[in-house]
Amino acid sequence: MATYLVVPAIIIDDYRSFASVKHSMSLVRRTWGENLIAQAGFGLLGFVIALPIILVAVLIAALVPGIGLYIGIAVGAIGVLAVSVVVSALSLYFKTALYEYAVDGVAHGGFDIDEMEASFRSK
């Protein structure tokens, strides 16, 4: 949890490695809420999107004789990798918006103030 907001701290406010961890810890302690649920939601979203890709890959491997196994593995691996990249980018975008809200109290990145307040609640 100490490193939850480290990447935005380094990128936005130019903190160094240990200072960014300390800053992240103070922000997480000061403003805590449903952000873990949001991160679990991103994981669930990735799973729901990846599941049909995996099913298609298994079907290709099972139904296409010979080279179908390799094609199925390639389709599955590329598809899951693509989903992982997109979900990771969305998660980082959300973390950055939460970081900016925690630092200056202003909602950025297409989020409104009510959404940010619902994500971060003071202890």
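Residues are numbered from 1 along each chain as its sequence is written, and side-chain values use heavy atoms, with hydrogens and water left out. Because the model is predicted, local features need pLDDT of at least 70 and side-chain atom pairs count only at pLDDT 80 or more, whereas totals for chains, interfaces and linings use all residues.

The secondary structure comes to 5 helices and 2 strands. Helices (H or I, at least four residues) and strands (E, at least two) are DSSP runs, numbered from the N terminus. Along the sequence, the pattern reads α-α-β-α-α-α-β. The protein has 123 residues, and 27% of them count as buried. Here buried means under 20% relative accessible area, exposed means over 50%, and partly exposed lies in between (1.4 Å probe, protein chains only). The accessible surface of the protein is about 7,600 Å². Carbon and sulfur atoms hold 72% of that surface. Accessible areas come from the Shrake-Rupley method with a 1.4 Å probe; for residues, only the protein chains shown count as cover. Contact means heavy atoms within 4.5 Å. Among contacts with a separation of 6 or more, 55% join residues 24 or more positions apart.

In soluble globular proteins, nonpolar side chains tend to be buried together. With residues up to four places away in sequence set aside, Tyr99 touches Leu5, Pro8, Ala9, Ile12, Asp13, Tyr15, His23 and Leu27.

Two packed helices are described by the angle between their axes and the distance between the axes. Helix H1 (residues 6-13) packs against H4 at an angle of about 70°, with the axes 9 Å apart. H1 is therefore roughly perpendicular to H4. Axes are lines fitted to C-alpha atoms, for helices over the stretch in contact, and angles run from 0 to 180 degrees between N-to-C directions. Angles under 35 degrees count as roughly parallel, over 145 as roughly antiparallel, 65 to 115 as roughly perpendicular and the rest as oblique. On the H1 side, the contact is made by Val7, Pro8, Ala9, Ile12 and Asp13. On the H4 side, Leu92, Lys95, Thr96, Tyr99, Glu100 and Val103 take part.

Three further residues were examined. Neighbours up to four places away in sequence are left out of the contacts of Ser20, Ser91 and Ile53. Ser20 lies in helix H2. Ser20 counts as buried because its relative accessible area is 0%. Ser20 touches Val6, Ala9, Ile10 and Tyr15. Ser91 belongs to helix H4. Its relative accessibility is 11%, so Ser91 also counts as buried. Ser91 is in contact with Gln39 and Phe42.

Ile53 is part of helix H3. With a relative accessible area of 23%, Ile53 is partly exposed. Ile53 touches Val75, Gly76, Gly79, Val80 and Val83. Ile53 and Gly76 are 23 residues apart along the chain, and their C-alpha atoms are separated by 6.1 Å.
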